[in-house]
Amino acid sequence: MTSTTCEFCAIVERDDPDVREVYRDENVVAFFPTEPAVLGHVLVVPRRHVPDIWGLKPDEAAQLSRATVLLADAIREAIHPEGLNVIQSNGEVATQTVKHVHVHLVPRWGNDAMGPIWPAKTDYSESSKERAMLGVRSAVRHLQASAEPPIAPEDRRKHLDYIQAVVTRQSAASSAAKGWLLPIVTATFGFALTQHSWPLAALGMVAVVLFAYLDANYLRSEKQFRRLYNTVARSSRQVPLFTLDPVDADEPVPDDAPALPRWRAFARKYLPERSIWTSWSIAPFYTALLILGAGVVVVSAI
Ligand SMILES: [Zn+2]
Ligand SMILES: [Zn+2]
């Protein structure tokens with residue numbers, strides 16, 4: 001949701017000309033609040049309208065954290081404060097006023113107007129501290145167990161390399177198939193003509209059909225792996241880490257979907273679809289050879 005009344009969303013969309021913006025990337029925007037608590041005070045917000053810390057997705061949390069550290073470095077370099085507070089507030093009771101999650105970076109000096117931000121002294125019993133610790137500890141465990149483990153960027157890169165290797169191999173195999181077919185066709189058609197043997201020419205045509213089928217399968221598989229590549233690169237779907245099964249890139253078939261008739265399931269598995277047969281790397285090459293073959297059959301039959 002992009003809340004139209006949200007002042008931070010307006011800044012993200014550059015609707016507010018008075019804003020002193022200091023940083024912007026595809027996920028995060030950072031700017032000065034209109035009334036800084038201390039000169040150099042910066043707010044960092046995710047571009048997406050997320051009300052508070054509990055609405056952040058793992059990726060957004062990582063982006064927000066990275067930008068926060070970057071801005072802390074920039075503030076130190078540019079403003080040379082004696083210290084720095086990172087303040088992130090959720091809920092009215094915690095003094096959150098704008099309901100778009102944000103991180104405050106507040107440079108600090110001994111004589112600034114902030115004052116102490118912590119209470120002087122509290123008095124909790126040992127048993128209540130113990131209970132609270134056990135509660136949080138077990139909550140962490142169950143949250144971690146239910147969360148999908150994030151995929152490390154270097155693992156994703158490795159996975160993309162593996163898929164790319166398969167794509168390259170398929171396309172090399174397709175070129176190789178064409179390379180093998182040409183001498184076969186030349187030999188069979190040539191002999192058919194000199195020997196006036198139309199069955200030999202027909203045999204050459206059978207070879208053309210077989211190689212076309214082979215090549216179409218390479219192309220189909222190349223396309224499937226390209227799709228898997230894009231799925232992994234955009235992380236548009238969660239796929240098993242390092243999978244080399246292109247089916248993982250497909251939408252899962254719902255359990256209540258009607259089963260295909262057996263012949264269609266068979267055709268789908270073994271026959272490349274029409275767009276493959278009519279593609280530029282299949283149709284012109286093999287159609288030309290088939291027409292040539294038909295001509296040779298006719299000529300060598302008379
Ligand atoms: Zn917002
Ligand atoms: Zn705030």
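At what angle do helix α5 and helix α6 pack, and how far apart are their axes? Select residues 198-234 for α5 and residues 262-270 for α6: the two helices pack at an angle of about 85°, and their axes are 10 Å apart. Helices here are DSSP runs of H or I with at least four residues, strands are runs of E with at least two, and both are numbered from the N terminus. Axes are lines fitted to C-alpha atoms, for helices over the stretch in contact, and angles run from 0 to 180 degrees between N-to-C directions. The two helices are therefore roughly perpendicular to each other (65 to 115 degrees; under 35 counts as roughly parallel, over 145 as roughly antiparallel, and the rest as oblique). To display the contact, select Y213, N217 and R220 of α5 together with R268, K269 and Y270 of α6; contact means heavy atoms within 4.5 Å.

The model is predicted: local features need pLDDT of at least 70 and side-chain atom pairs count only at pLDDT 80 or more, while totals for chains, interfaces and linings use all residues. Residues are numbered from 1 along each chain as its sequence is written, chains are lettered from A and ligands numbered from 1 in the order in which they are written, and side-chain values use heavy atoms, with hydrogens and water left out.

Donors are N, O and S atoms within 2.8 Å of the metal (3.2 Å for Na, K and Ca); water is not among the atoms, so sites may look incomplete.

Buried means under 20% relative accessible area, exposed over 50%, and partly exposed in between (1.4 Å probe, protein chains only).

**The zinc ion (ligand 2)**

Move to ligand 2, a zinc ion coordinated by H102 (NE2) and H104 (NE2) at 2.0 to 2.1 Å. Both H102 and H104 are buried.

**Loops and separations**

Select H80, in the loop between α2 (58-79) and β4. Its phi is near 50°, a positive value in a residue other than glycine, and H80 is exposed at 56% relative accessible area. Then select H196, in the loop between α4 (153-195) and α5: phi of H196 is also near 50°, and H196 counts as exposed at 54%.

Finally, draw two C-alpha distances. V93, in the loop between β4 and β5, is exposed at 83%, and its C-alpha atom is separated by 60 Å from that of R268, 175 residues apart along the chain. V209 of helix α5 is partly exposed at 47%; its C-alpha atom and that of Y286, 77 residues apart along the chain, are separated by 7.8 Å.
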